[in-house]
Amino acid sequence: MTEERKKLVEFKGVDLVFNKGKKNVNKAINDVSFHIYEGETFGLVGESGSGKTTIGRAILKLYDIHKGEIHFNGKDVSKIKGTELKKFREKVQMIFQDPQASLNGRMRVKDIIAEGIDVNGLAKTPEERTEKVKELLQLVGLNQDHMTRYPHEFSGGQRQRIGIARALAVNPKFIVADEPISALDVSIQAQVVNLMRDIQEKEGLTYLFIAHDLSMVKYISDRIGVMHWGKILEVGTSDQVYNHALHPYTKSLLSAIPAPDPISERSRVPQSYDPTAELDGQPRELREITPGHFVLSTEEEAAEYKKIATA
Ligand SMILES: Nc1ncnc2c1ncn2[C@@H]1O[C@H](COP(=O)(O)OP(=O)(O)OP(=O)(O)O)[C@@H](O)[C@H]1O
């Protein structure tokens, strides 16, 4: 059934290299293919430096790719320029990890939120601009009195709400949320996740939700991709990745999550992962093990995974 859903974003064999031709060359994304369905939340997890942010920024065209194609709404956007690029940028927005650092401290909230409205000429009059800002504040659970204040007058959770309102100002279809709750108190994290969910439903948004910790993406993601060393190693529904993980790296990430109750926590056995297995020179691709559940594997490894998955 999932095959019939519309793909909003699709990576096709994408490479992205930093410092190309230099001594410190770094293939941050290595032959990555995956897609994000319209209306879903795709969680991307993996340890620091695995390439998650680079994938997000590549979709937003903040970086040029070196091989492959990135499709948005059925169209290759990897080489678009000029007005086409400007139009595309209205449809894709980013929410950042640290709302403190990503909001200009010298600007009032109304002007921060209205930046995208101004740049893209989305309000014809100052009154319309103010009206739009008020609507956005309401949408993210802030009130009108907040318009004339500065970012430092808000709590971390409120600042993230401002960041969300700013992203929504241009009526995007797709949002890259790069660790949007990692810097917040645990008690506030759920509020922001719930807000993002509500807004997703109301506005028909699609999210790429980046986190290094699997427990963070569990509740918000429909499907999850697990990244390591610039490659996606496993993709599946939240249930497939959490409850039926196949790749040893995913298993090691899962085994690192503390159990919520002390009894299971005592019996938790962290599993180690030997990444050198990825460097044996054997050609691997994402192979479908069970419907919708893909693992980066050789043919032989895929056959093994199939046995495990159907045992
Ligand atoms: N602008 C850049 N110039 C050079 N190298 C970069 C740049 N941005 C990222 N890298 C490198 O690319 C690789 C992938 O980085 P990326 O930030 O995408 O990882 P990440 O998984 O998002 O990590 P984190 O969770 O720490 O944000 C890393 O080795 C990083 O050092």
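These legends describe views of one predicted model. Residues carry numbers from 1 along each chain, in the order its sequence is written. In this predicted model, local features need pLDDT of at least 70 and side-chain atom pairs count only at pLDDT 80 or more, while totals for chains, interfaces and linings use all residues.

**View 1. The whole chain.** The chain holds 12 helices and 12 strands. Both are DSSP runs numbered from the N terminus: helices are H or I with at least four residues, strands are E with at least two. Along the principal axes, the C-alpha atoms fill a box of roughly 65 × 50 × 45 Å. A compact globule of 311 residues would have a radius of gyration near 19 Å; the chain has 21 Å, which agrees. That radius is taken over C-alpha atoms, and the globule rule is 2.2 Å times the number of residues to the power 0.38. Buried residues account for 37% of the 311. A residue is buried if 20 or more other C-beta atoms, placed from the backbone, lie within 10 Å of its own C-beta atom.

**View 2. The shell around the ligand.** The ligand is surrounded by 13 residues, and F18, A28, S48, T53 and T54 are the closest. A residue is near a molecule if its C-beta atom, placed from the backbone, lies within 6 Å of it. Strand 2 (26-37) and helix 1 (52-59) each give at least two residues to this shell. Helix 1 has the largest share, with 3 residues. By type, the shell splits into 2 nonpolar, 10 polar and 1 charged. Here Ala, Val, Leu, Ile, Met, Phe, Trp, Tyr, Cys and Pro count as nonpolar, Asp, Glu, Lys and Arg as charged, and the others, Gly among them, as polar.

**View 3. V133 in helix 5.** V133 sits in helix 5 (residues 126-139). V133 counts as buried because it has 24 C-beta neighbours inside 10 Å. Setting aside neighbours within four places in sequence, V133 is in contact with K110, I113, A114 and M147. Contact means that two C-beta atoms, placed from the backbone, lie within 7 Å.

**View 4. Helix 6 and its cover.** Helix 6 (residues 156-168) is largely enclosed by the rest of the structure, because 11 of its 13 residues are buried. Among them are R159, I162 and L168. Their cover includes strand 6 (92-95), helix 4 (109-119), helix 5 and helix 7 (186-203). At 1.5 Å a residue, helix 6 should span 18 Å; its end C-alpha atoms are 19 Å apart, which agrees. The expected span is 1.5 Å times one less than the number of residues.

Technical notes. A residue is buried if 20 or more other C-beta atoms lie within 10 Å of its own, exposed if 12 or fewer, and partly exposed in between; C-beta atoms are placed from the backbone.
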